[in-house]
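Please consider the structure shown below. The paragraphs that follow lead through one of its helices and the residues around that helix.

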Amino acid sequence: MPGSTIPERNNEGFLEDAQCWTEEVATTIAAEDGIALSENHWEIIDFLRSFYKEHEISPPSNRLFVKAVKEALGEDKGNSIYLMQLFPGTPAKTACRIAGLPRPTNCL
């Protein structure tokens with residue numbers, strides 16, 4: 001995005017300061033991964049940001065990420081295939097990076 005500045009990030013692309021996150025920052029980070037954020041992406045991003053606010057950690061692994069999404073949003077969204085379609089690669093890591101959250105502790 002011309003003219004937009006991304007806050008400082010670490011070598012894996014995670015924000016150094018989570019307070020600097022905005023929806024514009026999320027859109028830019030997602031675009032770097034070739035992801036155009038849809039309503040479905042925002043639902044997961046909003047869920048992750050609420051989870052982080054409540055627990056003060058990112059979901060520590062993909063398995064726990066999938067389980068937490070299933071508990072909050074239901075069976076159809078809380079499954080690996082759905083989340084991998086939205087956030088290719090390692091869904092928990094990719095989604096947390098876009099959501100401006102710290103890197104999940106167990107993600108490779």
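**A helix and its aromatic pair**

Phe51 is buried, with a relative accessible area of 16%; buried means under 20% relative accessible area, exposed over 50% and partly exposed in between, with a 1.4 Å probe and protein chains only. The model is predicted: local features need pLDDT of at least 70, side-chain atom pairs count only at pLDDT 80 or more, and totals for chains, interfaces and linings use all residues. Residues are numbered from 1 along each chain as its sequence is written, and side-chain values use heavy atoms, without hydrogens and water.

Phe51 belongs to helix α2 (residues 39-55), where Phe47 lies 4 residues away, so about one helical turn separates the two. Helices here are DSSP runs of H or I with at least four residues, numbered from the N terminus. Phe47 also counts as buried, because its relative accessibility is 13%.

The structure holds 1 aromatic pair. The ring centres of Phe47 and Phe51 are 6.0 Å apart and their planes stand at 50 degrees, so this pair is tilted. Rings of Phe, Tyr and Trp (its six-membered ring) pair if their centres lie within 6.5 Å; planes under 30 degrees apart count as stacked, over 60 as edge-to-face and the rest as tilted.

Other buried residues of α2 include His41, Trp42 and Leu48. Among the elements that cover the buried residues of α2 are α1 (23-32) and α4 (80-86), where contact means heavy atoms within 4.5 Å.

Just after α2, Glu56 takes a positive phi of about 60 degrees. Most residues other than glycine have a negative phi. Glu56 is exposed, with a relative accessible area of 63%.
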